[in-house]
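Here are a few notes to go with the structure. Keep it open while you read, and look up each residue as it comes along.

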Amino acid sequence: MKEKKDILFLINPKSGVGGKRSVPRFVRTLLDKSKFNVTIKETQYVAHACELTAEAVARGVDIVVAVGGDGTVNEVARSLIGSNTALGIIPCGSGNGLARHLGIPMDIKKAVEFINTAGTIAVDYGKINGHPFFCTCGIGFDALVSNSFAHGTRRGLLGYMNQTLLDWLNYEPEVYEIEGEGFKKSYKAFLVACGNAAQYGNNAYISPNASMRDGLLSITILEPFPAVDVPLILGNLFGRSLDKNSHIKTLEGKWIRIKRSAAGPVHFDGEPAMMDAEILVETVPQGLNVLAAPGWDGYSAVVPMYKQIFELISTPVANVNITLPKVEFTLPNVDDLLPKMNINDIKEKLPQIPSLPAFKNVRRRVRKGDRGGEKNRADE
């Protein structure tokens, strides 16, 4: 058995919204050097993390730590499937869904310290038409938002909520035929989400009861709902109680087959893609090793609402960028508001101006001073 574990930190300098520049300094000062031999590398291009991770697995590296957003985490995780090398995460993204489910701190300094005491544990992952995912996949409205969000420029929770509002205004629910172990039924649904983990990210719990160690998918079907119920649904989503909502149907299974009327968008871990009308989602039990807290049971830790609100309001102002739906309107013509009058009508409505002789009489009275005034008052 090795005295020290070999650990590789892969930093994506272009992804996420966090302060990745501080990671090398924290690693040098906070990581337990008696436990780890440390290597730090930066990725240079798309999928470079996959290449570097594959090389690390071939060399027998014990841990590869993804430093970046969800895209970087997924590149590393996909390359670790079926190996003995464990995935570590320093969350620097806008959602950080997998890191949150594993209980990894969102603070970079604390996330580095977390590695010192974390243990290696095997977890499930999912596949949608053969493509691996680690948190959630789905079709319907969330797939549409993922596609819009991926091609947009605004990141973070506020950017995601902004995009959700814009897409919601024109979205029409579809009918899906859903088949699994022991059930087959058609649903008209706003979205169908399959959770290996509990949340999309940002503490939005789409599958609040999902475990990454039970070998099952947690399936959430959101049926059409009136606009007045939007605040309640959002409250359930972030309050980890979506399964209590009357518009929600929940299922469980090792696999699920979804049929729709035509090919269209899907998402897996927020990454959009186009897929066929028929979709197969399945789970692969304990196919990935990860770093987690000792005694972790596979379920996501509960994050109190006040902590979620604090995280939201503490977002740097530079990262907050919201665009409201464009509203166009035309001011009415002033001529249509005011009654039309000719110049003679206006003259009749104005008070009469005294003539020039009248002004001369006033001047004479003023020059006489108080005497004239006193005489006049005496005459009265």
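1. Start with a charge over a ring: Arg25 sits over the face of Phe26, 4.7 Å from the ring centre. Bear in mind that this is a predicted model.

2. Now for the ring pairs. The count of aromatic pairs comes to 5. One of them is Phe141 with Phe190, a tilted pair with centres 4.7 Å apart and 35 degrees between the planes. Phe141 belongs to helix H6, while Phe190 is in the loop between strands S9 and S10, so this pair ties together parts that are 49 residues apart in sequence. Both of these Phe residues, Phe141 and Phe190, are buried.

3. Phe190 has another partner, Tyr171, and that pair is edge-to-face: 5.2 Å centre to centre, with 80 degrees between the planes. Tyr171 lies in the loop between helix H7 and strand S8, so here the parts tied together are 19 residues apart in sequence. Tyr171 has a relative accessible area of 14% and counts as buried; for Phe190 the value is 7%, also buried.

4. Which residues form one aromatic cluster? They are Phe141, Tyr171, Phe190 and Phe225.

5. Last, have a look at Val38, in strand S2 (residues 36–42). Leaving out residues up to four places away in sequence, Val38 touches Ile7, Phe9, Val27 and Leu31. Lys5 is 33 residues from Val38 along the chain, and their C-alpha atoms are 8.6 Å apart.

Definitions and conventions: Residues numbered from 1 in each chain as written. Predicted model: local features only at pLDDT ≥ 70, side-chain atom pairs only at ≥ 80, totals over all residues. Heavy atoms only, no water. Helix = DSSP H or I, 4+ residues; strand = E, 2+ residues; numbered from the N terminus. Contact = heavy atoms within 4.5 Å. Phe/Tyr/Trp six-rings, centres within 6.5 Å; stacked < 30°, edge-to-face > 60°. Buried < 20%, exposed > 50% of the residue type's maximum accessible area, 1.4 Å probe, protein only. Lys NZ or Arg CZ within 6 Å of the ring centre and 35° of its normal.
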